[in-house]
Amino acid sequence: MKRLFHYFSVVALVVFTAGNTVAQSNIDTLVPIRGFCIGAPKPAAVDNFVKFIKDELATRKVNTLILRVDFNYQFESHPELRDSVALSKADVKKIVNVCKANNIRVIPQINLLGHQSWAATTHNLLRVYPQFDETPHVKMPEKYSWPNADGLYCKSYCPLHPEVHAVVFSLMDEICDVFETNAFHAGMDEVFYIGDAKCPRCSGVDKADLFAGEVTMIRNHLASKNRELWIWGDRLLDGKSTGMGMWEASMNNTHRAIDLIPKDVLICDWHYERADKSAVYFAMKGFKVVTCPWRNPKVAAVQVDDMVRFRKESAANMQNNFQGIVQTVWSGPDNFMDGFYGKTKDEKAGENTPWNCFRTAYTKINEAK
Ligand SMILES: [Zn+2]
């Protein structure tokens, strides 16, 4: 839903004070991961984004930057998969350097498994390698609308295709190398097409096994290079019994994969309309988890309080599974910075904007005690 209701509108600026004015002694103990997740900038926006990292992220003690890169990099291993306008190595190094200077860990993201298309557009992997498509019989519509007869939200690749991993793993290795990082975010959210009845490889296979198999394969490849895997948590939650539904949880039986994947996969548990307590569920299953708000400042404030309280009040074995907060932004930096700095307005959204949410969450984080 976060992307279905893709958010380009912006709002009248409400000025909050930056959270960095509050003296901190134990923020690293209470909220070890303080994240910010956003689309990677296009090349023309890199310098502004670097300034934003320095001026707004570092000052609020953000220490983790998840950058959704996808095909916005001039990949050398697979130049055929580059976006037409894409970041150069020099662009990436500007981001890497400002993050290093401010002790911010950069975690690049390429969507794996799901999110291989958006609306009527097929993304690069399946456009160049249509044989990897889990549902080749589902034709992309001229004009996309939801709901639709095919249940087409986004295309997936087939996790059992014998050639898909050679391609996606080389992208993954290359993007981790250029960002000089020891962690990679594989997305893996909102996978609606999995184990399709018409797929010659996946038909009839348990969907939880398919999802867990893919997570495990990606995790093992990263682990062989001493890198961590981060994913969104929604496919591991039962959408029916929890009432969380098909977006922020699973209605296609992938949720049992929670007991099948390695425990060192870090879970990004996103909930945007309510402060669901599913971080506790992940932590009790033995996972490290971060809670992710988006555009609702009131929900974010509760989520920060919850995270600190869960961490402080849990049994010793579990405390360290509550790792922190990641503010998610479902646009690129240009749109976000325009809203953040009050250059664009959207009366309709009121206070519920990603930038207000970011300010509120980080004011709370910096006040945590
Ligand atoms: Zn398949």
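**Note on the zinc site and salt bridges**

1. K225 is partly exposed, because its relative accessible area is 40%. Here buried means under 20% relative accessible area, exposed over 50%, and partly exposed in between (1.4 Å probe, protein chains only). K225 forms a salt bridge with D173, with the closest N and O atoms 3.9 Å apart. D173 lies in helix α5 and K225 in the loop between α6 and β7 (228-232), so the pair ties together parts that are 52 residues apart in sequence. D173 counts as buried, at 15% relative accessibility.

2. On the basis of the model: it is predicted, local features need pLDDT of at least 70, side-chain atom pairs count only at pLDDT 80 or more, and totals for chains, interfaces and linings use all residues. Residues are numbered from 1 along each chain as its sequence is written, and side-chain values use heavy atoms, with hydrogens and water left out.

3. Terms for the pairs. A salt bridge is a side-chain nitrogen of Lys or Arg within 4 Å of a carboxyl oxygen of Asp or Glu. Helices (H or I, at least four residues) and strands (E, at least two) are DSSP runs, numbered from the N terminus. The whole structure holds 20 salt bridges.

4. D83 pairs with K42 in a salt bridge, the closest N and O atoms being 3.6 Å apart. D83 sits in the loop between β2 (64-68) and α3 (89-101), and K42 in the loop between β1 (33-39) and α2 (46-57), so the pair ties together parts 41 residues apart in sequence. D83 is partly exposed at 22%. K42 is partly exposed at 40%.

5. D306 forms a salt bridge with R309, at 3.2 Å between the closest N and O atoms. Both are in helix α9 (residues 297-313), three residues apart, so about one helical turn separates them. D306 is buried at 5% relative accessibility, whereas R309 is partly exposed at 36%.

6. The zinc ion is coordinated by E134 (OE), C158 (SG), C199 (SG) and C202 (SG), at 2.1 to 2.3 Å. Donors are N, O and S atoms within 2.8 Å of the metal (3.2 Å for Na, K and Ca); water is not among the atoms, so sites may look incomplete. The donor spacing along the chain is E-x23-C-x40-C-x2-C. C158 and C202 are both buried.

7. The zinc site is tetrahedral, with angles of 100 to 118° among its four donor atoms. Four donors count as tetrahedral if all angles lie between 85 and 135 degrees.

Methods. Tetrahedral: all angles 85-135°; square planar, octahedral: opposite > 155°, others 65-115°.
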